[in-house]
Each structure stands twice: as structure tokens, then as C-alpha cells.
Amino acid sequence: MCWNSKSICFSEWLPTDEFPLERGLRQGDPLSPFLFLFAAEGFNVLTNAVVGAHLFTGYGVGKGDEVRLTYLQFADDTLIIGEKSWLNVRTMRSVLLLFEELSGLKVNFNKSMLTGENISASWLSAAAVLMNCRRGIIPFVYLGLPIGGDSREISFWKPVIDRIVSRLSSWNHKFLSFGGRLVLLKSVLSSLPVYFLSFFKAPTGIISSIESIFKKKYWGGGEDFWKIAWINWESICTLKEEGGLGVTRVGVFNSSLLGKWCWRMLVDKEGLWYRVLKARYGEERGRLKEGGRDGSAWWRSICRLREGVGEGVANWFDINTRRVVGNGRRTLF
């Protein structure tokens, strides 16, 4: 049988074997994520097998290596963590190739990278050649967040500022009323930096820059020029019940999002993240220690938030939380 745009001609009809009319699972099918999880579980089994056979050594946290991290996986983003050794590199390569053969999923080594802390660049380059991947540098991006960066630096927050500015450039503010600008401000712009603000404490300069962009947008100004502000920004950020417009203050919103970590320290003590912090800094009377100068910048900011340092009210988190005994299983006397 042949076909073109002008005519159709048929050759002789011949019987053939039956063939199934199916396409399998396609992207967007509700069942495909479950099948992917089944396949990803195979990677977990392979990793546990090589760790049990002492062919791969993960990274130990704490003085006695109380918690040993081997890999972190979210959907198809996998972060393998281990000590510096050629055995680890060869085992990692073998596990990924074996996972390809067993699951039918293809590992994209061109998009993968190998990074290291306190490891020479020559060793990393040689290991990257063996892994057939790129040599990465710290900080690197994992799940949309820079890993190993310093949140106290202005350059750390540049992607957030650029994303807000790029979103603003697609909106012609000249044709928006004050109501439209308010909706844009509250529903769109306030949601862009949430992911970063829920993990890192933003410096005062960054908070001022974000709020400055919001002010210019609301009053109809542009990136390079201002328009007259008829009402001060504090009044606009006041609750509607008190006569304001209910615009969220970026600094207060940042503290509220980080306060969730303080809450999770009380209710999620079985999580991996809590066990890592416990092994790293220790625990005293059911409370994680601050760690002093040895603590990371992220952990010090969480501890200052927990103690209410610089938030206006000392111990604000303890004042606004209380414990309900309930059946008494989680309360010791």
C-alpha cells in the first residue's frame, strides 16, 4: 500500500499476524509515576547491596558517623554522596550502568556532574573522565536551590531578583489599574521568591531590593524610574481589617517560612534531616544545640530565629507555641 496527496493505489491484500493496537504508558498518565517509583526502587536495592558488600562508602555525619548518607533522590534528580576513593567511583559507575540494563531507563551522563569538597581539581577531573560526566564546582544547583552557597552574599540571591524582574517585563503596567497591580503583586510576585525564602534567611539588602521592585510596580513606575507614592508602604502592608491592603512584608514572610523548620524540630524527629542535624550538632534535653561558630550559616540563622534574636521579641517562637499532652506517649516526666 502506498499513499500520496493525489492518488491511492492498493496492492494485493495478504493476511498478516495480529498486532496489538496500543501505545503503552505516555507522559501524563496517572499510572506512570507509580511505575517510575518501582523502577527507582531498584536503584535503592542496588545501592544497599554495594554498601552491604563494602564496595561503596557513604559520607558519615557526626563524630562516630552516627548517620551515613549514601544518596538523596527526588523523582529523577539523584544526588549520590560518598567518600573520596577510586573504589567508590568505579562502584558508582557500575551501579548506574547496571540500573540502566535492569530498568530500561537511560542515565544522562552528559547532564551529570561530579563535585567534591576539599578535593584537588586534578583528581576530580580524572574521576569525571572515568564517570564520563562533567566536573562540577560548588555551589551547584539541586532541586532549584544552590548547594554550598552563602546566603549572606548578594550574588546568592541574584536568580531570585532576575526572575522577578523578568516576570515584570512581560507585564505592561501602563494598562493595569491599581486593583490589577495589587492582584499581580499579591498573587504572582509574592509567590516567586517563596521557595528561596523558605530555606534561607534573606539579608536586609535583598529584602529592601525585593520590596523596592514591588513598590515601583504598584505605583506604576518602571525598573529605572519612580512614580509618586501617595501612601507609605507600611500602610499598604497593613491588614485589611486595620485599613490596609494586606500586602505581605517580605521580611516577616521570610521569618514565618523559616519558623516552620523550628516547628518541624518538635514534631518530625524521625526525619533524615533531623537525624543529620542531631549527629552534627548534638541534642540536649530534647533540643538541638546551636553549634556555635562551627555551625553552618543556615543553621545559625535558624537558631537565631528560634531564640528570637533580631526578630523584635525575644523567644518569640517559644512564646507562641505550646504543648498538648494528649495521651502522654510523647511527653516524658
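## A residue of helix H1

Is Phe38 buried or exposed? In this predicted model, Phe38 is found in helix H1, which covers residues 32-52. Phe38 counts as exposed because its relative accessible area is 63%, and the cut-off for that class is over 50%.

Phe38 also belongs to a nonpolar patch on the surface, which it forms with Leu25, Leu31, Phe34, Leu35 and Leu37, and the accessible area of these residues together is about 630 Å². In soluble globular proteins, by contrast, nonpolar side chains tend to be buried together.

## The nonpolar cores

The largest nonpolar core has 27 residues, and those with the most contacts inside it are Trp157, Ile164, Phe196, Ile210, Phe214, Trp233 and Val247. Two or more residues of this core come from each of helix H4 (158-169), helix H5 (178-187), helix H6 (194-197), helix H7 (204-218), helix H8 (233-236) and helix H9 (250-267). The largest share, 6 residues, is given by H7.

Another core lies apart from this one and has 18 residues, including Leu46, Val50, Val89 and Val107.

## A buried glutamate

Helix H2, made of residues 86-103, contains Glu100. Glu100 counts as buried because its relative accessibility is 13%, where the cut-off is under 20%. When residues up to four places away in sequence are left out, Glu100 touches Leu105, Lys106, Val107 and Phe109; of these contacts, Val107 is also one of the residues in the core of 18 residues.

Conventions:
Residues numbered from 1 in each chain as written. Predicted model: local features only at pLDDT ≥ 70, side-chain atom pairs only at ≥ 80, totals over all residues. Heavy atoms only, no water. Patch = residues over 30% accessible without salt bridge, like charges linked within 9 Å, V, L, I, M, F, W, Y side chains within 5 Å. Areas by Shrake-Rupley, 256 points an atom, 1.4 Å probe, with all protein chains shown as cover. Salt bridge = Lys/Arg side-chain N within 4 Å of Asp/Glu carboxyl O. Helix = DSSP H or I, 4+ residues; strand = E, 2+ residues; numbered from the N terminus. Buried < 20%, exposed > 50% of the residue type's maximum accessible area, 1.4 Å probe, protein only. Core = buried A, V, L, I, M, F, W, Y, C linked by side-chain atoms within 4.5 Å. Contact = heavy atoms within 4.5 Å.
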